[in-house]
Amino acid sequence: MTIRSGPWDAATIADFCRSVTIPIRLATVGGDGAPLVQSLWFVADVGGSDGDRIWCATQADAVVSSRIRQDPRVAFEIGADTMPYRGVRGTGTAHIDPEHGLPVLRRLLARYDIDTGTGLGAWLLSRAATEVAIEITDLEVSTWDYAGRMDDA
């Protein structure tokens, strides 16, 4: 991971990405060059020895999957929706990985505390045969943290 700007170091970025259970906003490029932002659950494997990556899961025939197959360049934001505003944004290269679809989906269900016995959990697992992972690598990030100026807000 390359840190372009902002107040956080790699350890702080890793802690933030592991601690928040908000969606990532992932921007993909369409065949006409137009960007599209989609919100997805994510799990970040950053700050480790295996290289930095962000994982998401979706269906093989989803719009985001086809857009990534056409153009692997992505941009993203993992940002708090409530004060104090802070987060990570950046760019990367995405890859559709069918082999890791179910393992990533299981990690996401655990991370977002979705019981597999509920309607949502069961429905998501019922589509496991066509689930694919989105692996985002080559991360270049910037961070922001307005906590200091929002203490009395």
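The model is predicted, and the protein chain in it has four helices and eight strands. Its radius of gyration is 16 Å, which agrees with the value near 15 Å that a compact globule of 153 residues would have.

**Overall build**

- Taken along the principal axes, the box filled by the C-alpha atoms of the protein chain is roughly 45 × 40 × 30 Å.
- Of the 153 residues in the protein chain, 44% are buried.

**The largest nonpolar core**

- The largest nonpolar core holds 40 residues, and the members that touch the most other members are F42, I54, I78 and I134.
- The most is given to this core by strand β8, which covers residues 131-145 and supplies six residues.
- When residues up to four places away in sequence are not counted, I134 touches L40, I54, W55, C56, T58, V64, I68, A94, H95 and I96.

**D52, a buried charged residue**

- D52 has its place in the loop between strand β4 (43-45) and strand β5 (53-59).
- Although D52 is buried, it has no salt bridge, and the nearest side chain of opposite charge, that of R18, is 7.4 Å away.
- The side chain of D52 does reach the backbone nitrogen of M1, at 2.9 Å.
- Leaving aside neighbours within four places in sequence, the residues in contact with D52 are M1, D45, V46, G47, I136, T137 and L139.

**G79, a glycine in a strand**

- G79 is found in strand β6, which covers residues 73-79.
- G79 counts as buried because its relative accessibility is 2%, and buried means under 20%.
- Not counting residues up to four places away in sequence, G79 touches I22, R25, R86, G87 and W144.
- Between G79 and Q59 there are 20 residues of separation in sequence, while in space the two are 24 Å apart, taken from C-alpha to C-alpha.

Key:
Residues are numbered from 1 along each chain as its sequence is written. This is a predicted model: local features need pLDDT of at least 70, side-chain atom pairs count only at pLDDT 80 or more; totals for chains, interfaces and linings use all residues. Side-chain values use heavy atoms; hydrogens and water are left out. A nonpolar core is a set of buried Ala, Val, Leu, Ile, Met, Phe, Trp, Tyr and Cys residues joined through side-chain atoms within 4.5 Å. Buried means under 20% relative accessible area, exposed over 50%, partly exposed in between (1.4 Å probe, protein chains only). Helices (H or I, at least four residues) and strands (E, at least two) are DSSP runs, numbered from the N terminus. Contact means heavy atoms within 4.5 Å. Lys and Arg count as positive and Asp and Glu as negative; His and the chain ends are not counted. A salt bridge is a side-chain nitrogen of Lys or Arg within 4 Å of a carboxyl oxygen of Asp or Glu. A polar contact is a pair of N or O atoms within 3.5 Å; within protein, one must be able to donate a hydrogen and the other to accept it, and residues adjacent in sequence count only if both atoms are side-chain atoms. The radius of gyration is taken over C-alpha atoms; the globule rule is 2.2 Å times the number of residues to the power 0.38.
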